[in-house]
Amino acid sequence: MANLEILVIELPTLIQNLRLTIGDSNQIMEQIILINNAQEQLRNIKKLIAQELRFDRINNSAITTLPRLITGATLFIPNLGLVDPAIAEKFGNSETKISLTDLQSKIDAWIEWGYFLQAIAADILSDSQLVNKLNFDIINLSISKEFKTFNDSLKIDLALGKANILRHQIEKIRDYQKQLLQLQQKLNYIFDTIKNSRSLLNILLGVSAFYGKSGFALEWLDDDHELIISSEGKIQELTDILNDCDYFQEQIAALIIQGNTLTQQGEQALKKIEQESSKEAISSQELKIVPKFSTPKILSSALIIASTLLILTFGGLKIREQSLSLTQEGSANANFKSAQKLGMEAASLVQKPPHPLKVWQQAETKWYQAIILLDSIPDKTSVYDRAKKKLAYYQINYKSISQRVLIEKKAVANLELAHKLATEANLFVQNSPHSQLSRQQAQDKWQQAINLLEVIPESTSVSVQAKEMLSIYKTNYAATNQQP
């Protein structure tokens with residue numbers, strides 16, 4: 001039993017290797033090797049247990065005064081330390097003493113879990129589009145970190161007395177709100193994908209989008225056969241992720257309202273500053289006229305002043321209303337013209353695509369600014385109906401351009417990641433030109449780079465560059481494959 005006890009000491013390490021981190025395809029391949037090794041050692045332990053139990057039965061059936069083992073022999077398993085309750089079953093509920101028969105059953109479950117992980121890994125590696133999507137998620141922040149970034153950014157002390165700074169702050173807040181709306185859409189995708197997908201691989205895509213750069217690993221199945229996932233030391237079930245999606249949706253909605261409040265406060269303060277500046281300008285231009293009256297004319301002058309005051313008293317309210325109406329109408333017309341100008345500039349920018357990412361983003365910003373201006377036009381102004389029609393049209397254009405921005409971003413990210421992989425592949429070959437393992441690793445890198453370049457749409461600005469790189473990378477892949 002000594003050999004068995006020695007092998008059992010390694011059980012904690014073996015069980016911890018029975019997990020699959022979803023992300024870089026090279027890491028997945030390395031993990032498959034670890035899983036295979038763990039399974040092989042578990043099979044060896046299982047064989048030794050069978051021998052011990054068989055020897056035990058022989059001893060118990062023989063006439064002897066001191067049997068080597070008693071029925072139901074037990075082993076002490078090394079302490080596993082702190083184990084999260086969600087995966088305690090995987091490690092045996094923190095038991096340190098276990099019968100050989102029970103240990104056999106647990107080994108069968110561990111080996112079966114290893115086969116399950118290998119099957120998932122094989123499915124991922126055989127699907128190039130899936131690999132590309134996972135690689136794309138790795139370069140983005142997790143939902144929780146992205147939310148924290150916005151939450152911190154919106155802790156703004158408005159510079160209520162400084163017009164230039166205030167305008168910049170309002171612009172930044174509106175930009176954050178736009179990004180928060182995009183984060184809401186991403187959360188909707190994650191929630192729907194995890195909840196409604198029947199394919200495990202699709203579910204993993206939703207999980208990957210949720211964790212982003214933080215990454216995640218498949219740890220175990222609970223009693224209801226629900227996946228248990230870990231990320232940055234935190235253990236969660238799929239249901240927990242769905243609950244987190246709901247939580248973040250509520251928090252994002254609160255941040256958008258907070259942004260609206262800050263924007264309104266800033267706009268009111270800005271308006272007040274502009275009004276005060278306008279009053280000061282008018283006051284500085286007024287001329288003070290001091291009439292020269294002779295003594296006989298004092299009485300008639302007093303009567304003229306009194307009658308003038310009466311006229312102003314009765315007509316003041318009407319004049320004030322007309323003045324406000326004229327100011328509102330003038331502001332509405334100015335906003336409408338500015339929105340039209342921004343719309344024309346945005347439309348002009350995107351003529352004859354493809355365009356670099358910066359151009360698409362400039363057009364997107366102009367459409368967004370035009371939409372804000374049109375949306376601010378009051379319903380009682382003369383340009384309201386035209387503004388409403390323009391608004392619907394501009395919103396369609398904005399949505400279309402935003403989609404092009406996302407496509408261009410992804411294409412650029414794919415190109416950069418492909419270049420990085422190609423650099424790594426060259427390093428493998430240069431450092432160990434005669435190593436079979438290095439050549440295999442280089443091949444894998446070339447293949448990943450090729451897969452990324454092949455999905456770059458022709459409509460993007462980097463399409464031509466991607467095609468040139470693709471030809472070179474395919475040649476390098478073939479050359480690496482043919483090396484002795």
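**Overview**

Of the contacts in the protein chain with a separation of 6 or more, 69% are accounted for by residues 24 or more positions apart. The structure is a predicted model. Its protein chain has 15 helices and six strands, and buried residues make up 39% of its 484 residues.

**Helix packing**

- Two packed helices are described by the angle between their axes and the distance between the axes.
- Helix H12, residues 357-375, packs with helix H13, residues 384-431, at an angle of about 155°. The axes of H12 and H13 are 9 Å apart.
- Because angles over 145 degrees count as roughly antiparallel, H12 is roughly antiparallel to H13.
- The crossing of H12 and H13 is left-handed.
- H12 also meets H8: the axes of H8 and H12 come within 12 Å and cross at roughly 105°. Angles of 65 to 115 degrees count as roughly perpendicular, so H8 is roughly perpendicular to H12.
- On the H8 side, the contact is made by Arg174, Lys178 and Gln182. On the H12 side, Glu364, Thr365, Tyr368 and Ile372 take part.

**Helix H14**

- Helix H14 covers residues 436-454. At 1.5 Å a residue, its 19 residues should span 27 Å. The end C-alpha atoms of H14 are 27 Å apart, which agrees with that expectation.
- The N-terminal end of H14 is capped by Ser435. A side-chain oxygen of Ser435 lies 3.4 Å from the backbone nitrogen of Leu437.

**Thr460, between H14 and H15**

- Thr460 is found in the loop that runs between helix H14 and helix H15, the latter covering residues 463-482.
- With a relative accessible area of 2%, Thr460 is buried, because the cut-off for a buried residue is under 20%.
- A polar atom of the Thr460 side chain lies 2.7 Å from the backbone oxygen of Pro457.
- Leaving aside neighbours within four places in sequence, Thr460 is in contact with Pro354, Ile407, Glu408 and Ala411.

**The loop between H11 and H12**

- Pro354 is found in the loop between helix H11, residues 298-349, and H12.
- A cis peptide bond joins Pro353 and Pro354, with omega about 10°.
- Lys352 is found in the loop between H11 and H12 as well. Phi of Lys352 is near 55°, a positive value in a residue other than glycine.
- Lys352 has a relative accessible area of 76% and is exposed, because the cut-off for an exposed residue is over 50%.

**The loop between strands E5 and E6**

- Glu232 is found in the loop between strand E5, residues 227-231, and strand E6, residues 234-237.
- Although Glu232 is not a glycine, its phi is positive, at about 50°.
- Glu232 is exposed, with a relative accessible area of 56%.

- Ile194 is buried, with a relative accessible area of 6%. Thr193 is also buried, with a value of 10%.
- Not counting residues up to four places away in sequence, Ile194 touches Ile203, Gly206, Val207, Leu238, Ile241 and Leu242.
- Along the chain, Ile194 and Leu242 are 48 residues apart. Their C-alpha atoms are separated by 7.6 Å.
- With neighbours within four places in sequence left aside, Thr193 is in contact with Asn202, Ile203 and Gly206.
- Thr193 and Leu205 are twelve residues apart in sequence, and 7.8 Å apart in space from C-alpha to C-alpha.
- The side chain of Thr193 has a polar atom 2.6 Å from the backbone oxygen of Tyr189.

Note on methods. Residues are numbered from 1 along each chain as its sequence is written. This is a predicted model: local features need pLDDT of at least 70, side-chain atom pairs count only at pLDDT 80 or more; totals for chains, interfaces and linings use all residues. Side-chain values use heavy atoms; hydrogens and water are left out. Helices (H or I, at least four residues) and strands (E, at least two) are DSSP runs, numbered from the N terminus. Buried means under 20% relative accessible area, exposed over 50%, partly exposed in between (1.4 Å probe, protein chains only). A polar contact is a pair of N or O atoms within 3.5 Å; within protein, one must be able to donate a hydrogen and the other to accept it, and residues adjacent in sequence count only if both atoms are side-chain atoms. Contact means heavy atoms within 4.5 Å. The expected span of a helix is 1.5 Å times one less than its number of residues. Axes are lines fitted to C-alpha atoms, for helices over the stretch in contact, and angles run from 0 to 180 degrees between N-to-C directions. Angles under 35 degrees count as roughly parallel, over 145 as roughly antiparallel, 65 to 115 as roughly perpendicular and the rest as oblique. A crossing is left-handed if the near helix is turned anticlockwise from the far one by less than a right angle, and right-handed if clockwise.
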